[in-house]
Amino acid sequence: WTEWQPVASCSRTCGGGIATWKRTCTNPRPGPHGRPCEGSDVRRELCNKTPCPLSATNFYTSQCVEAKDGDERYVALGHQYGLKRCYVYCFLPPEGFLQFVPARDGTRCIFTANGNGRCHNRQCLSVGCDGVVGSSAVVDRCGQCGGDGSTCIDVNEQYAIQNVLSGSYDIVIVPPGAQNVTVSIKLPLGSSVYGFAGCQKRSSHLQRRVD
């Protein structure tokens, strides 16, 4: 393979677009009975992933306005419904005119394999946690992209409180970065819990179960 060369610049200036790269099997070219190069000759990656400023025009509405020759009366009602995952629903009030507009490359869509995807040429393509379009890489139970779940430490603890009065109690602090946290609360018959404070925002997958 030759080195990867960009063939299409990023489809968005912010919010995450798609850039396309290509390479050719000419380094050197296979002989008459030689085997072709292994792998794909096209690679697509997310680019310009910095969130758009709050002052920026809504990305979906801007696609409607552009498709309707600059008519700023159009607004976007939504996108990625049913089989038209890479179309934007454009609405013209008060007439109620509704039209499907092909979504611009880089528009978010729901890909069934991992729930994440981006539109490209009206198709919803999967995007792995590595930012590569078409990649199947996912975050493992330890929070590592493409990991095998072996880099974290399993922690199982039990805490008991006797003669509990009404009020709040600090039982355990879950550190930032903890993954797949399950809290099981066992109560005497007739008891109840009226409130529960979970982890900080940086922790994820907090579950609560009352036995």
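**Salt bridges, cores and strands in a predicted model**

Arginine 43 is partly exposed, with a relative accessible area of 24%. Here buried means under 20% relative accessible area, exposed over 50%, and partly exposed in between (1.4 Å probe, protein chains only). The structure is a predicted model, in which local features need pLDDT of at least 70 and side-chain atom pairs count only at pLDDT 80 or more, while totals for chains, interfaces and linings use all residues. Residues are numbered from 1 along each chain as its sequence is written, and side-chain values use heavy atoms, with hydrogens and water left out.

The side chain of arginine 43 meets that of glutamate 45 in a salt bridge, at 3.1 Å from N to O. Glutamate 45 is also partly exposed, at 24% relative accessible area. A salt bridge is defined as a side-chain nitrogen of Lys or Arg within 4 Å of a carboxyl oxygen of Asp or Glu. The structure holds four salt bridges. Side chains of opposite charge can pair when their charged atoms come close.

Glutamate 66 forms a salt bridge with arginine 104, and the closest N and O atoms are 2.7 Å apart. Glutamate 66 lies in helix H1 (residues 59–67) and arginine 104 in the loop between strands S6 (97–102) and S7 (108–109), so the pair ties together parts that are 38 residues apart in sequence. Glutamate 66 is exposed, at 56% relative accessibility. Arginine 104 is partly exposed, at 28%. Aspartate 154 and arginine 141 also meet in a salt bridge, at 2.8 Å from N to O. Both residues lie in the loop between strand S10 (132–133) and strand S11 (182–185), 13 residues apart. Aspartate 154 is exposed, with a relative accessible area of 53%, whereas arginine 141 is partly exposed at 39%.

Helices (H or I, at least four residues) and strands (E, at least two) are DSSP runs, numbered from the N terminus. From that end, the elements run β-β-β-α-β-β-β-β-β-β-β-β-β. Four strands form an open antiparallel sheet in the order S1-S2-S3-S10. Its edge strands are S1 (5–8) and S10, each of which pairs on one side only. Two strands pair if DSSP finds at least two bridges between them. Three bridges join S1 to the antiparallel strand S2 (residues 17–22). Glutamine 5 has lysine 22 of S2 as its bridge partner.

S5 and S6 also run antiparallel, joined by six bridges. Valine 88 is partnered by valine 101 in S6. The hairpin of S5 and S6 has four residues between the strands, and glycine 96 there takes a positive phi near 80°. A cis peptide bond joins proline 93 and proline 94, with omega about -5°. Proline 94 is in the loop between S5 and S6.

Cis geometry also occurs between asparagine 27 and proline 28, with omega near 0°. Proline 28 lies in the loop between S2 and strand S3 (42–47). Asparagine 48 is a residue other than glycine with positive phi, near 45°. Asparagine 48 sits in the loop between S3 and H1. Aspartate 69 likewise has positive phi, near 55°. Aspartate 69 is in the loop between H1 and strand S4 (75–81) and is exposed, at 76% relative accessible area.

The largest nonpolar core has eleven residues, including Cys64, Tyr74, Val88, Leu92, Val101 and Cys119. Strand S5 (residues 84–92) gives the most to this core, with four residues. A nonpolar core is a set of buried Ala, Val, Leu, Ile, Met, Phe, Trp, Tyr and Cys residues joined through side-chain atoms within 4.5 Å. A second, separate core of five residues includes Ile18, Leu46, Leu125 and Val133. Tyrosine 74 touches Thr61, Cys64, Val65, Lys68, Cys90, Phe91, Leu92 and Phe97, not counting residues up to four places away in sequence. Contact means heavy atoms within 4.5 Å. Buried residues make up 25% of the 211 residues.

Mean pLDDT, the predictor's confidence in each residue from 0 to 100, is 79 for the protein, and 81% of its residues reach 70 or more. Confidence is highest in S2, at a mean of 92, and lowest in strand S12 (residues 207–210), at 39. Over residues 199–211 the pLDDT is below 50, and this stretch has 38 contacts in the model beyond near neighbours in sequence. Where pLDDT is low, the predicted coordinates should not be read in detail.
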